[in-house]
Amino acid sequence: MAAERSTADILDAAVHVREAARSATSGAAGVDGVLAALSEVMEYDHASLARWDPLRRRHTTLAGSYPDDATAYIETRLHHDPVFPVLRSPARGGLWLMDVPRQLLAASPGFQQVLRPLGIEDGVAQCLFAADGRYVGMLNVSTRRPRRAPDPARAVVILLTEALAAAVDSHAGPPPEARAAADRAAADRAADGRRPGGLSPRELQVLAELTAGRTNREIAGRLYITPRTVGTHIEHILAKLDLPNRAAAAALAATWGIEPSR
């Protein structure tokens with residue numbers, strides 16, 4: 001068994017992770033080096049850094065060592081897992097497996113069908129947010145050995161999230177404005193030019209969520225935008241449709257047959 005790293009060793013290794021992340025952000029090196037450096041902070045059996053693709057609404061692995069079926073789950077199904085809304089909270093500093101309530105693990109296909117067969121006993125899932133608040137991706141780290149407590153690596157992972165988010169976001173393709181324009185263009189083509197009320201594709205998405213009676217925070221979580229942005233969209237919807245409140249907008253959307261996506 002490898003000797004436990006001291007807190008000083010872990011902090012020194014964290015500096016190397018930050019340097020690797022900065023190199024990846026600048027394009028001087030790949031994301032694989034970030035995970036390699038992270039292994040010196042905390043030993044793991046599997047790890048991955050994945051970016052969130054808002055157009056395809058899925059994760060894409062930038063670097064990782066999980067088996068193919070686990071990687072596929074992270075990319076296409078993890079954001080539907082019951083655990084995801086819990087770990088995605090910006091206020092949370094990562095969700096460690098040992099801290100997940102047992103009833104939530106029992107309901108999680110990711111744990112029951114993916115991690116448990118791999119013999120995973122501990123690890124962390126850390127959602128990553130850009131400086132402007134966008135959700136850009138996540139770090140997943142898994143180990144077959146329970147970690148000691150208290151564990152300085154927990155605090156270090158939190159401290160590294162800004163650097164990790166920048167590295168992931170730098171590999172996310174066009175800037176946010178270009179991605180938003182592409183999103184609008186694609187939705188316009190899909191709608192075949194028949195968008196009711198002159199609403200934008202994103203406004204239609206928000207309107208659809210209103211029919212389910214969801215709050216701004218709930219809508220923000222489902223559409224991966226901020227509650228403030230949701231509020232702005234609702235203001236535009238009410239103005240364009242000349243309606244007094246969100247309830248009236250939801251009622252009108254129901255008559256149009258608009259429903260939220262599953």
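Across the whole structure, a search finds 10 salt bridges, a salt bridge being a side-chain nitrogen of Lys or Arg within 4 Å of a carboxyl oxygen of Asp or Glu. The model is predicted, so local features need pLDDT of at least 70 and side-chain atom pairs count only at pLDDT 80 or more, while totals for chains, interfaces and linings use all residues. Residues are numbered from 1 along each chain as its sequence is written, and side-chain values use heavy atoms, with hydrogens and water left out.

| Pair | Distance (N to O) |
|---|---|
| Arg144 and Asp45 | 3.1 Å |
| Arg154 and Asp99 | 2.7 Å |
| Glu209 and Arg214 | 2.6 Å |

Arg144 and Asp45 form a salt bridge. Because Arg144 lies in the loop between strand S5 (135-143) and helix H7 (152-169), and Asp45 in the loop between helix H2 (32-38) and strand S1 (46-53), this pair ties together parts that are 99 residues apart in sequence. Helices (H or I, at least four residues) and strands (E, at least two) are DSSP runs, numbered from the N terminus.

Arg154 forms a salt bridge with Asp99. Arg154 lies in helix H7 and Asp99 in the loop between strand S3 (95-96) and helix H5 (102-106), so the pair joins parts 55 residues apart in sequence.

Glu209 meets Arg214 in a salt bridge. Glu209 is buried, at 2% relative accessibility, whereas Arg214 is partly exposed at 23%; buried means under 20% relative accessible area, exposed over 50%, and partly exposed in between (1.4 Å probe, protein chains only).
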